[in-house]
Amino acid sequence: MWTQRGLVTYYVLFFIDLKSRRVWFADVTRNPDEAFMSDVAERALSFLRGKRFVSCDRDTKYSLRFRIILE
């Protein structure tokens, strides 16, 4: 994103229900640390209720704690 200080990277996390194509915007941050990701995982549980699979890449942002919360 272009700001007054120049180009700044923001990370947007969202979930997509492939069956209904419903998108749930989780949050946006400049620093997706473990605490941020864990908080998002806990808030995502209501959206993910009844879902069998969550697919994500191997990015280190998806920490062990994030994956345990979603299990």
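**Exercise 1. Is D17 buried or exposed, and what is its relative accessible area?**

*Solution.* The model is predicted: local features need pLDDT of at least 70, side-chain atom pairs count only at pLDDT 80 or more, and totals for chains, interfaces and linings use all residues. Residues are numbered from 1 along each chain as its sequence is written, and side-chain values use heavy atoms, with hydrogens and water left out.

Step 1. Apply the cut-offs: buried means under 20% relative accessible area, exposed over 50%, and partly exposed in between, with a 1.4 Å probe and protein chains only. D17 has a relative accessible area of 15%, so this residue is buried.

Step 2. D17 belongs to strand β3; helices (H or I, at least four residues) and strands (E, at least two) are DSSP runs, numbered from the N terminus.

Step 3. List the polar contacts. A polar contact is a pair of N or O atoms within 3.5 Å; within protein, one must be able to donate a hydrogen and the other to accept it, and residues adjacent in sequence count only if both atoms are side-chain atoms. The D17 side chain reaches the backbone nitrogen of K19 at 3.0 Å, and a polar contact of 3.3 Å links it to the side chain of S20.

Step 4. With neighbours within four places in sequence left aside, D17 is in contact with R22, F47 and K51.

**Exercise 2. Describe the overall arrangement of the protein.**

*Solution.* Step 1. Count the elements: the protein has two helices and four strands. Their order from the N terminus is β-β-β-β-α-α.

Step 1. State the extent. The C-alpha trace spans about 45 × 25 × 20 Å along its principal axes.

Step 2. Consider burial and contact range. Of the 71 residues, 28% count as buried. Among contacts between residues at least 6 apart in sequence, 39% join residues at least 24 apart.

**Exercise 3. Identify the residues and elements that build the largest nonpolar core.**

*Solution.* Step 1. Define the term: a nonpolar core is a set of buried Ala, Val, Leu, Ile, Met, Phe, Trp, Tyr and Cys residues joined through side-chain atoms within 4.5 Å. In soluble globular proteins, nonpolar side chains tend to be buried together.

Step 1. Find the members with the most links. The largest core holds 13 residues, of which L13, F15, M37 and V40 touch the most other members.

Step 2. Assign the elements. β3 (11-17), α1 (34-48) and α2 (64-70) each supply at least two residues of this core. The largest share, seven residues, comes from α1.

Step 3. Examine one member. Apart from neighbours within four places in sequence, V40 is in contact with L13, F15, A26 and D27.

**Exercise 4. Characterise the largest pocket by volume, lining and residue class.**

*Solution.* Step 1. Define the search. On a 1 Å grid over the protein atoms alone, a pocket is an open set of points where a 1.4 Å probe fits, with protein on both sides within 12 Å along at least five of seven lines; lining residues have an atom within 4 Å of a point. Grid points are joined across faces, edges and corners, and a volume is the space filled by probe spheres set on the points.

Step 1. Give the volume: the largest pocket contains about 490 Å³ of space.

Step 2. Describe the lining. Of its 18 residues, I16, L18, F53, V54 and S55 lie nearest the centre. β3 and α1 are the elements that give two or more residues to this lining, and the largest share, six residues, comes from β3.

Step 3. Sort by class. The lining has 13 nonpolar, one polar and four charged residues; Ala, Val, Leu, Ile, Met, Phe, Trp, Tyr, Cys and Pro count as nonpolar, Asp, Glu, Lys and Arg as charged, and the others, Gly among them, as polar.

**Exercise 5. Describe L18, R21 and T29 by position and accessibility.**

*Solution.* Step 1. L18 lies in the loop between β3 and β4 (22-29). L18 is exposed, with a relative accessible area of 73%.

Step 1. R21 is found in the loop between β3 and β4 and counts as exposed at 71% relative accessibility. Its phi is near 65°, a positive value in a residue other than glycine.

Step 2. T29 lies in strand β4 and is buried, with a relative accessible area of 14%. The side chain of T29 reaches the backbone nitrogen of N31 at 3.0 Å.

Terms used. Contact = heavy atoms within 4.5 Å.
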